[in-house]
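Welcome to this short tour. Open the structure in your viewer, keep the selection tool at hand, and follow the stops below.

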Amino acid sequence: MLSPELPPMSKPSPRTKPSSWLADSLLFFSGAFLALLVLFTFYSFVSTYSSPNFGRTVTSPPPTAEPDQCADDANLRRDPPDPTFYDDREVRYTLGDPVQNWDEKRQQWLLLHPSLAAGAGERILMVTGSQPAACRNPIGDHLLLRFFKNKVDYCRLHGHEIFYNNALLHPRMGSYWAKLPVIRAAVVAHPEAEWIWWVDSDALFTDMEFKLPLDRYKNHNLVVHGWAHLVVETHSWTGLNAGVFLIRNCQWTMDFLEVWASMGPQTPDYEKWGETLRSTFKDKAFPESDDQTGLAYLIYKEKEKWGKKIYLESEYYFEGYWAEIVGTLDKIEDRYAEIERGEEDNAVRLRRRHAEKVSEQYGAFREEYLSEAGYGRGSWRRPFITHFTGCQPCSGRHNEMYTGNTCWDGMEKALNFAENQVLRKYGYVHPSTLDRAVSPVPFDYPSE
C-alpha cells in the first residue's frame, strides 16, 4: 500500500522580525521552570512505587498477618530464613528413608509459621490420583475428570486443599500400592496439615454437606471404613476397604507407612507376603500381596503396636459400596426435597438462596431434620462417599459380577446426584439423575 503524498519540506528562513531581549529571557525561564516541575513530579512518582526487582534478592512487603489470625488468612509469602527440616538433607520424601523425630520437626516448622499454625489441628489435605497414561476405556478419562471435579467441589465447599497425582513415584509400586509413596511425600510436603485424606479416583462425594467428625478420631491416627469383627474374628479381607482413609501427619504415620509398604512389590518378600496374607484371610481372591489385606493383617496380628491407633469406621458411609447405594439415590433426593417444601420457618430458611461460601451453615440447618434418618445402609440420609470399587472406569475391565452399563449408568446417576447439590448454588440442576442437561431453578425452589 502506498503512503499518501506528503507536502515538500519547507526551507528554513531567517526571522522576519527580531524578538526583544526581555521576551526571549521570559520564554527561556518559563521553559526551564516547566522542565523542573515535570522532573520533580516524575521523581516523586518513582520514589513512591518501587521498581520491579528481577534479581535473586527480593524484599517482601511487611507481613499483614497477625500470629493469631485464622487459617484462611495465612501468610503464604512468609518463610523465615531459620533452618527447618527442609534444610536437612537426611529428611527425604521417599519410602525406605525413615524420618526420625518427625513430630518435633513439624512442630518447629509450625512455630516459625504462626499464620499456618492457627487451625492446623483440623486442617486436611485431600490426596487422590490416577495412572500416568491415558485410559483404555474410551470414556475413562471423561469419568475420571468428573470424579476429580466432584472432589474439587467438596474441598472448595469445606476449605480443604487437594493434591492430584498422576506420576508413579516409585517405579515398582503400581496399582493399589502406588498411593503409599504419594501419601509419604505429602506428609513432608504439607507440615501445616494435620490429616492426609486419601480418596481413590473411582470414589465420589454424594453428600456435599457432611463434615468429617474429627473429634471422634482424636485418639487415633488412621481412619478406614470397616468392621472390627470381620477383620479380627472372621478374618475377611473385605472387612475393610483401603480405597478411602484418613491418616494423621505424625511420627506414627511415618513408621506405619514403612511397615505397610514392606509388603509391597518393591521388596524381596513380596511373594512370601502374598502367601502369608492368603493363608490368614481365606476369602482372599488372588495370590498377590495387596495394600488392603496388608492393612487388615496389621490390625489383626499387631493390635498392640498398630491396631490401637486405627479406627474402623462403620457408623456412616465413610466409604460406601456403590451397588447398595445407587438404587436409593432418587428416593433420597425426593425426601430432601420434601423437607424443603415445608411451610415452617426452618424449611423456608433451608431453601433460601445463599452464597456458596456459606454453604456449611445450611448443612447445619439440615441436621435438624436428619436426626431420625440414621446412617449407612437403610438410611434415607445422603451417603457420604460412594465408591465404585470393581468397576474400573479407566481400564474398563470391570468385575465380571457387574455389567459395564450397570457401572457406567451408576456413575452417571451418582455424579449427577452430587452435582445437583453444587449446581443449585449457581441456579441450575439436572432435572433427573440420569439427565446430562441442566435447567434453571425457580426462585423458591423446590416449593415452586
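How far apart are the sulfur atoms of cysteine 135 and cysteine 394? Select both residues: the sulfur atoms are 2.2 Å apart, and the two cysteines form a disulfide (a pair of cysteine sulfur atoms within 2.5 Å).

Before moving on, some ground rules. This is a predicted model, in which local features need pLDDT of at least 70 and side-chain atom pairs count only at pLDDT 80 or more, while totals for chains, interfaces and linings use all residues. Residues are numbered from 1 along each chain as its sequence is written, and side-chain values use heavy atoms, with hydrogens and water left out.

**Stop 1: the disulfides**

Stay with cysteine 135 and cysteine 394. The torsion about their S-S bond is about -110 degrees, so this disulfide is left-handed. Cysteine 135 lies in the loop between E1 and H4, and cysteine 394 in the loop between E9 and helix H13 (404–423), so the bond ties together parts that are 259 residues apart in sequence. Helices here are DSSP runs of H or I with at least four residues, strands are runs of E with at least two, and both are numbered from the N terminus. Cysteine 135 counts as buried because its relative accessibility is 13%, and cysteine 394 counts as buried at 13% as well. Buried means under 20% relative accessible area, exposed means over 50%, and partly exposed is in between, with a 1.4 Å probe and protein chains only.

Next, select cysteine 391 and cysteine 407, which a disulfide joins with an S to S distance of 2.1 Å. The torsion about this S-S bond is about -80 degrees, so the disulfide is left-handed. Cysteine 391 sits in the loop between E9 and H13 and cysteine 407 in helix H13, 16 residues apart. Both cysteine 391 and cysteine 407 are buried.

**Stop 2: strands and their partners**

Show the cartoon and select strand E1 (residues 124–129) and strand E2 (residues 161–165): they run parallel and are joined by five bridges. Two strands pair if DSSP finds at least two bridges between them. At glycine 129, look across to asparagine 165 in E2, which stands opposite. From E1 the chain crosses through helix H4 (residues 140–158) to E2, a right-handed β-α-β crossover; right-handed means that, with the strands pointing away from the viewer, the path from the first strand over the helix to the second runs clockwise.

Now move to strand E6 (residues 240–248), where nine of nine residues are buried. Strand E3 (residues 195–199) runs antiparallel to E6, joined by five bridges, with tryptophan 195 opposite arginine 248. E5 also pairs with E6 in the antiparallel sense over five bridges, and glycine 226 has leucine 240 in E6 as its bridge partner.

Then select E4, E9 and E8, three strands that form an open sheet in the order E4-E9-E8 with mixed pairing. Strand E4 (203–205) and strand E8 (320–321) stand at the edges with a single partner strand each, so one side of each is left without a neighbour in the sheet. E8 pairs with strand E9 (residues 385–387) in the parallel sense over two bridges, and glycine 320 stands opposite threonine 386 in E9.

**Stop 3: the aromatic rings**

How many aromatic pairs does the structure hold? There are 29, counting rings of Phe, Tyr and Trp (its six-membered ring) with centres within 6.5 Å; planes under 30 degrees apart are stacked, over 60 edge-to-face, and the rest tilted.

Zoom to tryptophan 197 and phenylalanine 205, an edge-to-face pair at 5.4 Å centre to centre with 85 degrees between the planes. Both tryptophan 197 and phenylalanine 205 are buried. Then try phenylalanine 210 and tyrosine 316: their ring centres are 4.9 Å apart and their planes at 45 degrees, so the pair is tilted. Phenylalanine 210 and tyrosine 316 are 106 residues apart in the chain, and both are buried. To see one aromatic cluster, select Tyr154, Trp197, Phe205, Phe210, Tyr316, Phe318 and Phe384 together.

**Last stop: charges over rings**

Finish with lysine 284, which lies over the face of phenylalanine 286 at 3.7 Å from the ring centre, and with arginine 349, whose charged end sits over the ring of phenylalanine 365, 3.7 Å from its centre. The criterion is NZ of Lys or CZ of Arg within 6 Å of the ring centre and within 35 degrees of the ring normal.
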